Amino acid sequence: MNLSDIGTVRSLLEANGFSFKKSLGQNFLINPKVCPAMAKAACGGKTGVLEIGPGIGVLTAELSKKAEKVISVELDRRLEKILPKALSDCRNVEIIYGDIMKMDIRKLISEKLSDCETVAVCANLPYYITSPLLMLLLESRLPIDNITVMVQKEAAERLCARVGTRQAGAVSAAVRYYSEPEILFGVSRESFVPRPKVDSAVIKLKIRKIPPVRVEDEKSFFRLIKSCFAQRRKTLVNTVSNTAGIEKESIKKALSELGIAENIRGEQLGLEELAVLSNLLYKRKD
Ligand code: SAM
């Protein structure tokens with residue numbers, strides 16, 4: 001079955017009385033070039049793949065060709081009628097119905113994919129869970145090699161932005177701390193049915209084994225990052241004293257020790273500078 005052919009998709013959906021739910025981020029891929037490229041980017045040797053949101057299985061089928069095993073989690077039980085037919089040739093695929101945000105993902109990986117050499121997460125993500133899901137995957141320090149996902153273009157740019165540039169936000173710092181992010185390619189809105197209002201991009205987050213900077217207390221480091229970006233137009237001294245409750249004088253002293261100007265804004269600091277500043281500030285507070 002050609003799952004990226006618009007005619008096949010329409011008749012499959014119509015035959016099963018399926019209508020798209022916007023609230024579940026249901027925009028299905030119909031560009032035949034995208035899924036093979038995503039599967040190739042996600043899978044190395046004997047890779048076990050955790051897919052989120054198979055829809056009617058267009059990406060799942062490509063992953064099945066490249067991966068050792070595919071575990072695919074779908075929230076919408078209406079697809080239970082369609083997926084077994086659409087993926088009848090894919091022997092190494094198991095579909096699990098449920099909400100990925102409520103699952104014990106570590107347990108899922110250990111029960112279903114522990115016999116694979118490496119594990120990847122691959123998905124055309126429902127946009128409403130993009131950031132919380134990526135943060136959950138990264139912060140949980142799961143035994144995974146990479147996260148290769150399609151997200152909205154603006155989200156891709158933000159997630160992969162270099163810390164210290166205008167495009168970066170708190171999430172960019174977290175992504176770069178846990179992974180090496182890369183935008184692989186853009187995907188136009190015409191590649192989906194129904195057509196969304198924005199373009200997309202596929203990103204790959206190669207999970208780091210060791211963080212790129214030395215941080216003494218991760219909780220404090222991430223608290224500092226959040227407050228640096230909380231009031232972007234204010235100076236770092238003002239926003240951090242307002243939102244993290246650290247005295248202005250302590251922040252000024254730490255900045256001066258690092259040779260950084262007092263009037264710098266939080267978004268101008270790189271990851272290394274943020275790490276050293278956090279180590280200085282929180283040591284001083286304790
Ligand atoms: N993979 C298909 C494709 O590329 O055409 C569908 C992608 S569509 C953007 C997102 C899919 O995620 C939908 O099938 C939707 O039902 C499913 N989904 C939405 N929220 C979910 C959740 N919390 N857990 C698991 N699946 C979810």
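Helices (H or I, at least four residues) and strands (E, at least two) are DSSP runs, numbered from the N terminus. In this structure, Glu-62 and Lys-65 both lie in helix α3 (residues 58-66), three residues apart, or about one turn of the helix. The model is a predicted one, in which local features need pLDDT of at least 70 and side-chain atom pairs count only at pLDDT 80 or more, while totals for chains, interfaces and linings use all residues. Residues are numbered from 1 along each chain as its sequence is written, and side-chain values use heavy atoms, with hydrogens and water left out.

**Salt bridges**

- The structure holds 16 salt bridges, each being a side-chain nitrogen of Lys or Arg within 4 Å of a carboxyl oxygen of Asp or Glu.
- Lys-112 and Glu-94 form a salt bridge through their side chains (2.9 Å, N to O). Lys-112 lies in helix α5 (residues 105-112) and Glu-94 in strand β4 (residues 93-97), so the pair ties together parts that are 18 residues apart in sequence.
- Both partners of that pair are partly exposed, Lys-112 with a relative accessible area of 23% and Glu-94 with 33%.
- The side chains of Arg-265 and Glu-267 meet in a salt bridge at 2.5 Å, N to O, and salt bridges that share partners join Arg-166, Arg-232, Arg-265 and Glu-267 into one network.

- Seven of the nine residues of α3 are buried, so the helix is largely enclosed by the rest of the structure; the buried residues are Val-58, Leu-59, Thr-60, Ala-61, Glu-62, Leu-63 and Ser-64.
- What covers these buried residues includes β1 (28-29), α2 (34-42), β2 (47-52), β3 (69-74), β4 and β5 (118-124).

**Cysteines**

- The structure holds zero disulfides, a disulfide being a pair of cysteine sulfur atoms within 2.5 Å.
- The sulfur of Cys-43 is 6.9 Å from the closest cysteine sulfur, in Cys-122, which is too far for a bond, and Cys-43 is buried, with a relative accessible area of 11%.
- Cys-116 is likewise in no disulfide, since the nearest cysteine sulfur, that of Cys-43, is 9.9 Å away; at 9% relative accessibility, Cys-116 counts as buried.

**Domains and their interface**

- The domain assignment of the chain, whose bounds come from an automatic or database domain assignment, gives domain 1 (6-207) and domain 2 (218-285), and 35 Å separate the centres of the two domains, taken over C-alpha atoms.
- Contact, meaning heavy atoms within 4.5 Å, links 14 residues of domain 1 with 14 residues of domain 2.
- Between them the domains bury about 1000 Å², 59% of it on carbon and sulfur atoms, where buried area is the accessible area (1.4 Å probe) that two parts lose on being put together, summed over both.
- Val-163, Ala-170 and Tyr-177 supply 40% of the area that domain 1 buries against domain 2, more than any other three residues.
- The count between domain 1 and domain 2 is two salt bridges. Helix α8 (residues 170-178) gives the most to the side of domain 1 that touches domain 2, with six residues.

Note on methods: Buried means under 20% relative accessible area, exposed over 50%, partly exposed in between (1.4 Å probe, protein chains only).
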